[in-house]
Amino acid sequence: MHWLDIDKEHVWHPYNSLPSSTKLLGVKRTNKTSIFLEDDKELLDAMSSWWSAIHGYNNPRLNDALKKQVDIMPHIMFGGIAHEKASILSKLLVDLTGLNSVFLCDSGSVSVEVALKTAIQYQEAKGLKKYKFIACEHSYHGDTLAAMSVCDPQNSMHSIYGTYLPKHIFTKAPQIGFNKDCSEAITALEQTFKNHHEEVAGFIIEPVVQGAGGMRVYNPEFLVKARELCDKYDVLFIADEIATGFGHTGKMFAVEHANIKPDIMTVGKGLTGGYMTMAAMITSKKVSDTISNSELGILMHGPTFMGNPLACSVAIESINLLLETPWEERVLNIEKIFSEELEKAKDLEIVASIRNIGAIGVIELNDGSYAQYIQDYCVEHGVWVRPFGKLIYSIVSYTIDHNDLRKIINTMIDAIKTIKK
Ligand SMILES: *Cc1c(COP(=O)(O)O)cnc(C)c1O
């Protein structure tokens with residue numbers, strides 16, 4: 001039996017049926033910003049494996065970091081034990097974020113779970129019974145149940161899970177556009193805080209770009225106002241930077257566009273340069289002190305693979321590599337190319353809008369039924385892209401060759417041009 005046939009019969013893929021109702025590409029290997037299929041066909045990677053491969057694939061420095069660590073110590077439990085790689089990584093995260101206390105965990109969704117638990121424990125430590133969260137419409141914060149409960153209810157099909165999911169408070173998302181007026185959403189946010197603050201532990205948001213819930217770039221002014229409201233009502237500000245973090249929007253973290261500091265930040269995806277599953281929840285000293293000085297005195301979480309040394313070692317190398325390369329200039333150049341090339345799609349009949357920021361480019365169609373067609377066209381023409389619904393988007397590695405980037409964008413546009421209605 002060919003391994004792809006085993007896959008088809010036995011292996012779940014993200015948001016898929018079993019056997020798979022859509023075609024799955026067999027991938028043999030990767031190199032830099034290319035993916036090689038079973039038959040050696042080369043695809044340019046327009047997805048950077050969902051925001052994670054920020055340096056491209058098979059970077060020699062990252063490969064070496066992992067190889068070295070595997071001989072020293074592949075894993076060790078973190079309960080009652082400390083190791084150097086976790087300390088070095090945590091200090092890097094503290095220095096980059098200006099926050100203080102780092103919880104290293106397995107995946108983005110888990111870091112959001114930990115963030116929500118931390119916010120509730122913080123309020124509990126202050127003698128407050130605040131168990132609700134405010135989140136935005138169109139938000140995406142992960143697939144586990146608590147993380148899902150703060151995702152847009154329609155997009156994540158809350159209805160399927162009935163009474164199992166806690167009901168949180170959703171507020172209007174700022175309208176699309178980095179420079180667009182967001183006063184309507186701000187007014188709604190003020191009202192939401194006013195009405196609900198007594199029961200609300202935290203406000204969770206993806207800063208500047210709402211990712212999987214719609215690839216919506218918005219005005220950082222919204223974050224400034226949200227920070228003010230969080231301070232006013234003692235609600236913790238949780239910045240979910242799992243997608244936006246490590247440079248994707250042109251700043252190291254997207255909150256920097258608003259010049260604000262969150263109380264809690266979650267990072268993941270690009271943290272290990274796309275090598276290992278790892279995420280982190282990082283909080284201010286105020287938050288960790290409040291929990292640690294409470295009657296209970298401990299943060300109630302501790303996964304088996306917390307602080308995994310292999311993941312730590314490659315995350316350290318990835319962050320150092322980022323800091324040693326001109327990543328800001330690279331992302332800015334990518335942003336310029338997206339702006340130039342996407343312009344060609346703007347006036348196509350089926351295109352509703354285009355938008356881009358940093359290493360992210362988006363074409364929104366006014367019809368959601370062409371995603372598979374566009375993916376097939378792009379693969380045939382040597383580009384790996386995975387549109388969802390109306391959104392054809394690309395997030396590229398910062399090391400991508402500029403001609404390759406232009407080819408990616410133009411192939412996406414050519415695919416749209418060949419759609420026959
Ligand atoms: C991807 C993502 C998550 C979930 O991360 P996983 O590693 O897939 O669990 C959470 N929040 C945001 C903003 C994300 O983009």
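Just after helix α9, Asp-234 takes a positive phi of about 50°; helices here are DSSP runs of H or I with at least four residues, strands are runs of E with at least two, and both are numbered from the N terminus. The model is predicted, so local features need pLDDT of at least 70 and side-chain atom pairs count only at pLDDT 80 or more, while totals for chains, interfaces and linings use all residues. Residues are numbered from 1 along each chain as its sequence is written, and side-chain values use heavy atoms, with hydrogens and water left out.

The buried residues of α9 are Phe-222, Leu-223, Ala-226, Arg-227, Leu-229, Cys-230 and Tyr-233. Buried means under 20% relative accessible area, exposed over 50%, and partly exposed in between, with a 1.4 Å probe and protein chains only. Seen down the helix axis, the buried residues of α9 fall within an arc of 165°, so they line one face; the arc is taken from the directions between the helix axis and the C-beta atoms. The face turned away from this buried side carries the exposed residues Asp-231 and Lys-232. Partners for the buried residues of α9 are β5 (132-136), α8 (183-196), β7 and β10, where contact means heavy atoms within 4.5 Å.

Across the whole structure, a search finds seven aromatic pairs. Rings of Phe, Tyr and Trp (its six-membered ring) pair if their centres lie within 6.5 Å, and planes under 30 degrees apart count as stacked, over 60 as edge-to-face and the rest as tilted. One of these pairs, Phe-203 with Phe-237, is edge-to-face, at 5.7 Å centre to centre and 80° between the planes. Because Phe-203 lies in strand β7 (residues 200-205) and Phe-237 in strand β10 (residues 236-240), the pair ties together parts that are 34 residues apart in sequence. Phe-203 is buried at a relative accessible area of 0%, and Phe-237 is buried at 0%.

Tyr-373 and Tyr-377 form a tilted pair, 6.4 Å centre to centre with 40° between the planes. These tyrosines are four residues apart in helix α13 (residues 371-380), a separation of about one helical turn. Tyr-373 is partly exposed at 34% relative accessibility, whereas Tyr-377 is buried at 16%.
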